[in-house]
Amino acid sequence: MRLQPQQYCWYNDPVFYLILLTGFFAWLLPEPKIQLSIWLILKKSFLEELLFRALLLNILSEYIRHQYHYLTLANIFTSTIFAVMHLFYHPLMWALATFFPSLIFGFLWERYHNILPCWLCHAIYNLLLFYRFDLFLSTNFSCPLSLCN
C-alpha cells in the first residue's frame, strides 16, 4: 500500500526523529580527508535534495510504481544515480556509502512530499560525517558568522 503524504506531518512524526538519529552511524565511517564549510554543506545538501528527490524521484515515481514494503523501485534508481554522481567527486567507497542515506532521503520524500525534512536529514548526516565532535567540542565554534568560512 502506497503511503499518502497527507497522513504525516514530518515534525510531529517520531519516525522522522528516529531517522535523524541514524545519522550518528556516520561516525562509524573513516573521517573524510577534506573539510567543507558548514555553509557549503547546507547549500550542497539542499541543491542535491532539490535535484534528486523533488525532481528526479518525483518524475521516476510517476513511471515506476513498484514498491517493496516502504522501498520503491523509483527510490532505488534515484539512489543509484545519486551514488554514481558522487563518483565524480569522491573515492569509490565514499560514493558507494552515499547509496544507503540516499534511500533514507528518498523514503522521507515519499512519506512527506516536503523538501524540508529531506534537506534537514541530509544536512545533519553530512554535518555529523564532516564535523563529528568538532561541533560540540571546538573552542573556535562560538560565533555563527563562522558559517561563512
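**Helix 1 against helix 6**

I started with helix 1 and helix 6, which run roughly parallel to each other (angles under 35 degrees count as roughly parallel). Helix 1 covers residues 14-21, and I read that its axis comes within 9 Å of the helix 6 axis, crossing at roughly 20 degrees. Axes here are lines fitted to C-alpha atoms over the stretch in contact, with angles from 0 to 180 degrees between N-to-C directions. Helices are DSSP runs of H or I, at least four residues, numbered from the N terminus.

Before going on, I noted that this is a predicted model, so local features need pLDDT of at least 70 and side-chain atom pairs pLDDT 80 or more, while totals for chains, interfaces and linings use all residues. Residues are numbered from 1 along each chain as its sequence is written, and side-chain values use heavy atoms, with hydrogens and water left out.

I then listed who touches whom (contact is heavy atoms within 4.5 Å). Phe 16, Ile 19 and Leu 20 in helix 1 meet Pro 117, Leu 120, Cys 121, Ile 124 and Tyr 125 in helix 6. I sorted that contact by class and got 8 nonpolar, no polar and no charged residues. Ala, Val, Leu, Ile, Met, Phe, Trp, Tyr, Cys and Pro count as nonpolar, Asp, Glu, Lys and Arg as charged, and the others, Gly among them, as polar. The crossing is right-handed, meaning the near helix is turned clockwise from the far one by less than a right angle, with anticlockwise being left-handed.

**Helix 1 against helix 5**

I found these two packed at about 170 degrees, axes 12 Å apart, and therefore roughly antiparallel (over 145 degrees). Helix 1 passes helix 5 in a left-handed crossing. Val 15, Phe 16 and Ile 19 in helix 1 meet Ile 104, Phe 107, Leu 108, Arg 111 and Tyr 112 in helix 5. That contact divides into 7 nonpolar, no polar and 1 charged.

**Helix 2 against helix 5**

I read an axis approach within 10 Å and a crossing of roughly 65 degrees, so helix 2 and helix 5 are roughly perpendicular (65 to 115 degrees). From helix 2, Glu 49, Arg 53, Ala 54, Leu 57, Asn 58 and Ser 61 meet Ser 102, Phe 105, Gly 106, Trp 109 and Glu 110 of helix 5. I counted this contact as 4 nonpolar, 4 polar and 3 charged.

**Largest pocket**

Last, I looked at the lining of the largest pocket, which has 21 nonpolar, 8 polar and 4 charged residues.
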